[in-house]
Every structure is written in C-alpha cells, then in structure tokens.
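Dear colleague,

Please find below the structure that I am handing over to you. A summary of what was found in it comes after the display.

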Amino acid sequence: QCMQPFGFSFKQAKFGSTEFSYIDSGKGDAIILIHGLGGNAGHWQMNIGPLAAVGHRVIAVNLPGYGGSTPLEGITGATSLTGYASAINQLVAHLGLKKAVLMGHSMGGQIAILLALQKPAWLQALVLAAPAGLEVFTAAEAAMLRQFATPAYFEQQDSAAIRQSFLRNFYKLPPTAEKLVKERIAQKQCAGFKAYCQTISYG
C-alpha cells in the first residue's frame, strides 16, 4: 500500500471505512481496468493514454489494499476476490455509470470474470489479459507450488533474485518493465511487506 503508482493523478471515493483510489482519464464509453495480484493502477500506464485518446473514459482502479486504497476490513485470502468485486460494483454505482467495459489482468481477470458471472446490469463487455484462475494443475504440480511459493521465499528474495524473476517472465524484457522491477524491489521497504508476501503466496 505504500507504493505510489508512477506519478498519476488519483481520485478518491469512500465506501464505509474503505477509501478507494483510482485514475479517471478521458471522456466517452467507460473502460474499467483491474490490475493483478501485487500490482496497482499504474501498471496500465501504457494503456490509459491511448484508450483515452480514442474516445474512452478510462478508470484504472487501485484494488483495496493496493496503491492508495485502504484494505477491506474482515477480508481473508479466501474472500478477497468477492470483496474486490463488491468494491468495484460500489465504485460503478458511485460514478453513476450505466455501462462499462471490464478489462482485467491476471487476478484482475478473475475479479472481472466474477463480476461477469454475477451479471451486473452495467457490464458491456469483458476483456481478459492472461487471466488467473483458469489454470489446471496436477496434484504434483499443486504440491510443488505450495512448497515453493511460500511467504518466506518471497520475503527473502534480494534485488538480484527479483530481477531474475522478471527476466524469466519475459521473452525479451522491454525497457518499460524497469519501472516494475524497481517498484518490486522498493516494496521490501513498505510497512505492509510481510502481509504482501502472505497474499502473494496465497495467490
């Protein structure tokens, strides 16, 4: 939560005790961008401007507990997706949107799918970018992941290991990804870093 995404200008909406932070850029048909696990609204930096330039109102959210949004109260790993979906529903109502396109990346794709299954009246279209939750793992693969992806593993990663992890996830690391690498390294200094590692492990 201590990370400030890439210098964008943010708006705030409050639902109960949750302060919701989001980017709101452009005019026209609304597109809501939902980031992935461990991300923030700024991860859409390459999409916000171009989409706004062709006549869309682009709303990139910081999910509760990410970026400048406060965490949801009483939410566990098992209930976080439904909590995030509910928060986005509340934001849509707050903004008075009649129709919106949902675009989700990774965990954001899971949240978008959940909202689509709930069939909100405002859902205009669904766009999924590498959505999580659709994978099928064998019992052996699941056991290996549980053994490997522990909170301690993520907590102990040094800068070199973090950079190497990014390199393994790109065929060719683009220059623009350097901001993501530096952001992930800087997260180790955040007050909520231990909780972040717990969340990443659960995801």
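The following paragraphs describe the overall fold and then the aromatic pairs.

Please note that this is a predicted model. The protein has six strands and eight helices, and their order along the sequence is β-β-β-α-β-α-β-α-β-α-α-α-α-α.

As to overall dimensions, the C-alpha trace spans about 45 × 35 × 35 Å along its principal axes. The radius of gyration is 17 Å, which agrees with the value near 17 Å for a compact globule of 203 residues. Of the 203 residues, 37% count as buried. Among contacts with a separation of 6 or more, 69% are between residues 24 or more positions apart.

The protein exposes about 11000 Å², of which carbon and sulfur atoms supply 58%. There are 16 positive and 10 negative side chains, and the centres of these two sets lie 5 Å apart.

A search of the whole structure finds four aromatic pairs. One of them joins Tyr66 and Tyr84 in an edge-to-face arrangement, with 6.3 Å from centre to centre and 70° between the planes. Tyr66 lies in the loop between strand E4 (56-62) and helix H2 (80-95), whereas Tyr84 belongs to helix H2, so that the pair links parts of the chain 18 residues apart. Both tyrosines, Tyr66 and Tyr84, are buried.

Tyr153 and Phe154 also form an edge-to-face pair, because their ring centres are 5.2 Å apart and their planes stand at 75°. Tyr153 is partly exposed, at 26% relative accessible area, while Phe154 counts as buried at 16%. Ring pairs link these two residues, Tyr153 and Phe154, with Phe148 into a cluster.

With kind regards

Key. Residues are numbered from 1 along each chain as its sequence is written. This is a predicted model: local features need pLDDT of at least 70, side-chain atom pairs count only at pLDDT 80 or more; totals for chains, interfaces and linings use all residues. Side-chain values use heavy atoms; hydrogens and water are left out. Helices (H or I, at least four residues) and strands (E, at least two) are DSSP runs, numbered from the N terminus. The radius of gyration is taken over C-alpha atoms; the globule rule is 2.2 Å times the number of residues to the power 0.38. Buried means under 20% relative accessible area, exposed over 50%, partly exposed in between (1.4 Å probe, protein chains only). Contact means heavy atoms within 4.5 Å. Accessible areas come from the Shrake-Rupley method with a 1.4 Å probe; for residues, only the protein chains shown count as cover. Lys and Arg count as positive and Asp and Glu as negative; His and the chain ends are not counted. The place of a charge is taken as NZ of Lys, CZ of Arg, CG of Asp or CD of Glu. Rings of Phe, Tyr and Trp (its six-membered ring) pair if their centres lie within 6.5 Å; planes under 30 degrees apart count as stacked, over 60 as edge-to-face and the rest as tilted.
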